[in-house]
Amino acid sequence: MSIEHASITSFRGEHTRLGGTGDVVILPDSAHTAALAAAALGCEVGAIANSLLFDAGGEPVLILTSGAHRVDTAAVAERIGVDRLKRADPEFVRRHTGQVIGGVSPLDHPAPVRTWIDPWLRRHPVVWAAAGHPAAVFSTTYDELVEMTGAVEVDVETGVETGVELGVPEDRD
């Protein structure tokens, strides 16, 4: 009998509290990259929502990006109105998320973290994200992920234009 890691158990509780409907899946091996997670799940790498924590002058900023994209930190910093985004070190990540790099989930953090989301994730009917541990993921939809996290759309790549400016979502009426 195996015992579930405490971070996964905590994630499950928060996921349920927020009304999450997807499944939590424990992979046989850690999936520290979007490519590894996609291979283990049999999905496109673009359907993996990477939870990337950045340091914006001491404030944590979480960017949920498609596994098929790289974040242009200078462009995103300008779009969300911060001076600079710096990749967070492991101690900063653990302090602000309670989780380790490679297993950072979009939710279940010790305190709220301002969150933005890559609108390209909308292209996938099922999105997969880390569930608090490098070997745990959960399924969700783009809309459910936005609802659970309060994320605001922002284009993460250089020169991408979809009507989203400075992290303000498009009018969806």
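Colleague: How many nonpolar, polar and charged residues does the lining of the second largest pocket have, by class?

Modeller: In this predicted model, that lining has seven nonpolar, three polar and two charged residues. Among the lining residues are Glu14, Pro106, His109 and Met148. Glu and Asp count as charged, and Glu14 and Asp108 both belong to this lining.

Colleague: What volume does the second largest pocket have, and what volume does the largest pocket have?

Modeller: The second largest pocket has about 160 Å³, and the largest about 650 Å³.

Colleague: Which residues are closest to the centre of the largest pocket?

Modeller: His32, Asn50, Ser51, Leu52 and Arg87, out of 31 lining residues. Strand β2 contributes the most to this lining, with six residues. By class, the lining has 19 nonpolar, 10 polar and two charged residues.

Colleague: Why is Gly57 called exposed?

Modeller: Exposed means over 50% relative accessible area. Gly57 has 83% relative accessibility, so Gly57 counts as exposed. This glycine is in the loop between β2 and β3. Its C-alpha atom is separated by 21 Å from that of Pro106, 49 residues apart along the chain.

Colleague: Which residues of helix α2 are buried, and which are exposed?

Modeller: Ala34, Ala37 and Ala38 are buried in α2, which spans residues 34–41. Ala35 and Ala39, on the other side of the helix, are exposed.

Colleague: How do you know that the buried residues of α2 line one face of the helix?

Modeller: Seen down the helix axis, they fall within an arc of 100°, so they line one face. An α-helix has 3.6 residues a turn, so residues three or four places apart point the same way. The buried residues of α2 pack against β2. Just after the helix, Gly42 takes a positive phi of about 70°.

Colleague: Which residues have the most contacts inside the largest nonpolar core?

Modeller: Leu53, Ile117, Phe138 and Leu145, in a core of 25 residues. Several elements supply at least two residues each, including α1 (6–17), β2 (48–56) and α5 (142–149). Helix α5 gives the most, with four residues.

Colleague: What is Leu145 in contact with, leaving aside its neighbours within four places in sequence?

Modeller: Contact means heavy atoms within 4.5 Å. Under that cut-off, Leu145 is in contact with Ala49, Leu64, Pro106, Ile117, Val127, Phe138 and Thr140.

Colleague: Which residues does the second core include?

Modeller: That separate core has 14 residues, including Phe54, Ala77, Ile80 and Val154.

Conventions:
Residues are numbered from 1 along each chain as its sequence is written. This is a predicted model: local features need pLDDT of at least 70, side-chain atom pairs count only at pLDDT 80 or more; totals for chains, interfaces and linings use all residues. Side-chain values use heavy atoms; hydrogens and water are left out. A nonpolar core is a set of buried Ala, Val, Leu, Ile, Met, Phe, Trp, Tyr and Cys residues joined through side-chain atoms within 4.5 Å. Buried means under 20% relative accessible area, exposed over 50%, partly exposed in between (1.4 Å probe, protein chains only). The arc is that of the directions from the helix axis to the C-beta atoms. On a 1 Å grid over the protein atoms alone, a cavity is a set of points where a 1.4 Å probe fits but cannot get out, and a pocket is an open set with protein on both sides within 12 Å along at least five of seven lines; lining residues have an atom within 4 Å of a point. Grid points are joined across faces, edges and corners, and a volume is the space filled by probe spheres set on the points.
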